[in-house]
Amino acid sequence: MPLAAFVVSGVQKLVLYETRARYFLVGSNNAQTKHRVLKIDRTEPRDLVVIDDKHVYSQQEVRELLGRLDLGNRTKIGQKGSSGLSRAVSAFGIVGFVRFLEGYYIILITKRRKVADIGGHSIYKIEDTNMIYIPNDSVRVTHPDEARYLRMFQNVDLSSNFYFSYSYDLSHSLQYNLTLLRIPCEPAEVEELQSSCSKQDSFDIFEDEGLPTQVVHGLKNEPYAKYVWNSRLLERIKDTVHPDWLMYIIHGFCGQSKLLIYGRPVYVTLIARRSSRFAGTRFLKRGSNCEGDVANEVETEQIIHDASVMSFTAGSYSSYVQVRGSVPLYWSQDISTMMPKPPIRLDQADPYAHVAALHFDQMLQRFGSPIIILNLVKKREKRKHEKILSEELYRAIINLNQFLSPEHCIDYIAWDMARYTKSKLCNVLDRLGMIAENVVKRTGFYINRSDFHCHTLRPDERWGDLGGLVIAHGRLQTGVLRTNCVDCLDRTNTAQFMVGKCALAYQLYALGMIDKPKLQFDTDCVRLFEELYEDHGDTLSLQYGGSQLVHRVKTYRKIAPWTQHSKDIMQTLSRYYSNAFSDADRQDAINLFLQVYQPSESKPHLWELPTDFYLHQSNTMALPQERRSYTYWWSDGVLSYLPLPYDEVPCEKNRKKVLVKRVNRYDESTDMYTEFFKPYELTSFDDTFCIAMTNSAREFMPKSVGLDPSPFTVRKPEETGKSVLGNKSNKEEAVLQRKTAASAPPPPSEEQISSSSEDDSEEDREDDATASQRSTPIKLAESGDNVRTQEEHQQQPARETYGLNLSALPRDEDLLTYHRFAHLGQNQHKVERRDQSTDLQKSLENVISLVPVSSFDGDSIYEMMPPRVDLESRNLFENHIHAGQGLIRPLCRDDLLLYREYIKNRYM
């Protein structure tokens with residue numbers, strides 16, 4: 001079976017040229033060897049006329065074409081002063097086309113920044129865009145409300161957390177994308193697409209020699225529309241232009257950090273995809289719409305891969321997916337009362353859980369089973385507020401589960417996280433850790449390699465209980481955890497962090513990086529992961545709630561500094577102000593950007609509508625043609641493939657979503673080596689993304705010598721390269737932070753729930769800190785001893801430099817080791833090589849006692865086994881010697897094949 005690879009977009013750099021009657025958009029690949037031209041008519045005042053000739057131009061051909069256009073559009077023949085073709089703007093992609101009340105606008109990406117790299121596929125963040133009005137001024141029909149719609153559309157800041165990739169499908173998970181590469185392509189599909197290719201693409205000068213062509217199936221998948229934010233903006237040109245012009249963007253968060261494990265790079269990537277269905281702001285979008293799409297729905301995926309091997313086929317990749325979203329019911333909150341917490345009300349009665357059924361049907365199709373719900377809303381209240389949602393959601397799940405088989409039922413976990421936080425006898429994160437362990441064991445995680453023997457060499461009893469689906473080439477995640485509170489912001493982010501931390505331990509264990517699937521707090525690895533999740537939570541909270549997180553992981557660990565409380569108050573006030581005064585304008589901008597509302601002169605303006613309820617509820621404007629069954633509430637074919645998700649099954653319906661292109665193995669459209677390394681560009685090593693990204697050794701590892709450099713070693717706050725309690729602006733703040741950390745309880749035990757209260761005595765804390773494992777030779781002085789504090793202050797420079805106190809005498813064991821080392825250095829030239837092993841052993845006895853470090857016999861610094869050279873290497877060396885002497889052997893079949901590929905790529 002031929003190899004499969006993702007198709008790299010052939011349009012990555014764009015230049016917009018302008019004449020009075022046309023816009024010419026010239027797009028090229030990264031190497032600028034292949035070009036495409038898009039012609040946009042400027043004489044139509046209201047319609048969009050885009051022409052794509054589907055022809056691939058070389059660099060010389062496109063220069064000649066632009067020269068002819070320049071010459072043909074001059075006002076006078078031979079005139080050189082005013083060019084007929086002017087360069088308008090350079091760009092990196094098309095976001096889409098939009099029209100309000102006048103003509104169409106084109107939205108171009110003018111600045112981008114690389115934020116992540118997955119298997120050589122670059123992920124970019126949009127930094128700046130440009131909206132250009134297409135019709136010429138001579139045909140423009142003005143409208144007084146056009147400027148207001150334009151300002152409203154631009155309120156959606158495209159430079160804030162919008163992402164895209166030229167070769168990787170960001171709307172799907174890593175499991176879906178890599179599973180797609182292993183699905184065998186049907187010959188009929190390939191032949192059909194191959195016949196549509198031009199003769200220029202399939203020309204082969206060696207086809208008469210009978211040599212086989214190395215074929216690769218280039219795959220281009222249809223994106224998942226739910227997480228694409230510009231699909232409506234591309235609708236007008238989707239069927240008329242080449243697919244390379246279409247670039248889909250997602251909204252949410254994308255962050256990547258490098259975890260160095262003794263120099264071995266492991267990339268930790270966090271991708272959050274925000275749903276474009278029923279999207280909006282906090283109090284204006286609650287619950288679900290009539291199609292089962294919920295508010296604030298975000299799919300979060302953490303990807304772990306060994307960066308030492310880039311390829312998807314040869315590398316080691318693992319991922320874990322979880323979801324957050326509002327409670328899938330018809331509910332809302334009235335913000336006209338100007339209360340911080342408006343009362344919750346159920347808008348419609350849904351006795352048969354129709355809207356919940358639609359929502360969980362979508363989840364079964366995308367994630368499979370089991371669907372696990374972690375409901376974090378309050379259960380005990382003096383006046384019913386959040387409890388209303390818990391009771392209604394529980395009734396809906398009970399109703400839906402009675403029609404499912406027991407092995408595929410929806411699991412429901414209700415836990416009042418706010419009540420546990422206020423209790424002094426309960427540790428919130430320990431409880432969440434136990435829930436996370438059970439969830440990960442049920443759903444499993446994805447990994448693309450099956451030849452890891454870590455659980456055989458370092459067995460762990462938890463590995464055998466791991467869920468998911470084991471296949472020939474790895475392991476699949478089946479099912480997903482769906483976490484919700486009322487807002488799906490603070491509590492949800494902490495719960496997702498704990499689940500992600502548990503999954504990260506299993507992923508690193510499966511990749512052979514750690515000895516057991518368990519990670520402790522206060523390690524460089526967990527701090528790096530926590531920083532990623534805090535950025536992730538802040539970003540999602542700003543998008544939906546208008547402010548950053550109020551309660552963070554440190555808040556629930558009770559180690560946050562006292563300055564954090566004032567910041568929490570400011571974030572609460574910022575969130576209240578945003579919800580009360582600016583959310584309505586943001587909601588109108590989102591509705592306009594997503595084309596939920598399309599302006600027209602026959603309709604009332606967007607700002608004149610009393611509510612946008614009817615824009616998001618499609619069945620309110622028309623009677624439904626058919627009613628779904630209340631008992632058979634899932635889509636056809638979904639249950640037959642469970643626990644596998646229906647979207648990943650190679651059925652006929654899913655095959656139609658994939659375009660297959662048969663190309664040469666070294667074709668530019670599938671060559672990820674050239675796409676990633678760019679050998680045709682002069683780059684600086686210091687400017688590469690892998691150097692600039694967050695690094696655990698640079699950001700978190702202690703700078704002093706003598707400490708364990710492992711990222712899995714538990715460290716105290718003073719020992720880290722970056723303060724875990726905030727940036728140290730001055731010495732006094734650093735002292736206050738250290739006192740705050742010292743007065744906090746120790747890191748909680750992850751094996752059992754700690755029953756220690758918040759106001760334990762100082763002696764208990766010291767005992768716990770002593771019992772905890774710290775891989776460091778430094779002993780911190782007690783804060784109450786003034787004399788030892790002064791001594792420590794005087795010895796601080798030596799400690800920072802060498803990692804230990806130089807004023808004390810070395811131990812006898814250290815002196816003995818040093819004497820042996822010095823003796824070995826003095827006698828290294830005096831040791832003579834003997835043939836007899838007994839004489840060699842006697843001659844080494846007076847130097848140092850050598851102990852074999854492995855099971856091989858000849859394993860020492862003086863004796864080694866000679867390397868064995870196989871026949872192929874010997875023949876290669878002989879041919880090299882003969883070639884130097886002028887004796888050239890005849891070319892074999894492989895040499896002809898290699899030369900043929902070189903000729904095709906160089907000249908054809």
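E127 is partly exposed, with a relative accessible area of 29%, while K125 is buried at 10%. Here buried means under 20% relative accessible area, exposed means over 50%, and partly exposed is in between (1.4 Å probe, protein chains only). E127 and K125 form a salt bridge, and their closest N and O atoms are 3.3 Å apart. A salt bridge, by the way, is a side-chain nitrogen of Lys or Arg within 4 Å of a carboxyl oxygen of Asp or Glu. Side chains of opposite charge can pair when their charged atoms come close.

Before going on, keep in mind that this is a predicted model, in which local features need pLDDT of at least 70 and side-chain atom pairs count only at pLDDT 80 or more, while totals for chains, interfaces and linings use all residues. Residues are numbered from 1 along each chain as its sequence is written, and side-chain values use heavy atoms, with hydrogens and water left out.

How many salt bridges are there by this rule? The count comes to 34. One of them joins the side chains of D41 and R22, at 3.1 Å from N to O. This pair links distant parts of the chain, since D41 sits in strand β4 (residues 35-41) and R22 in strand β3 (residues 22-28), 19 residues apart. Helices (H or I, at least four residues) and strands (E, at least two) are DSSP runs, numbered from the N terminus. D41 is buried, at 14% relative accessible area, and R22 is partly exposed, at 28%. Then there's D522 with R527, whose side chains meet at 3.3 Å, N to O; both of these residues are buried. Salt bridges can also link up into a network, as with E530, E534, D538, R552 and K554.

Now for the nonpolar residues. A nonpolar core is a set of buried Ala, Val, Leu, Ile, Met, Phe, Trp, Tyr and Cys residues joined through side-chain atoms within 4.5 Å. The largest one here has 80 residues, and those with the most contacts inside it are I118, I123, L174, F312 and L508. Which helix gives the most to this core? That's helix α12 (residues 490-510), with 12 residues. Apart from this core lies another, of 33 residues, among them V323, A356, L364 and L404. Let's zoom in on L508: leaving aside neighbours within four places in sequence, its contacts (heavy atoms within 4.5 Å) include L259, V266, I304 and F712.

Helix α12 has a partner to look at, too. The axes of helix α9 (residues 428-443) and α12 come within 8 Å and cross at roughly 55 degrees. On the α9 side, the contact is made by residues including L429, A436 and V440, and on the α12 side by residues including T494, M498 and Y506.

Finally, find G479, in the loop between β22 (474-476) and β23 (480-484). Is G479 buried or exposed? G479 is buried, with a relative accessible area of 2%. Setting aside neighbours within four places in sequence, G479 is in contact with F367, G368, S369, P370 and T443. The C-alpha atoms of G479 and V321 are separated by 9.1 Å, although the two residues are 158 apart along the chain.

Stepping back, the protein chain has 29 helices and 25 strands. Buried residues make up 48% of its 908 residues.

Methods:
Axes are lines fitted to C-alpha atoms, for helices over the stretch in contact, and angles run from 0 to 180 degrees between N-to-C directions.
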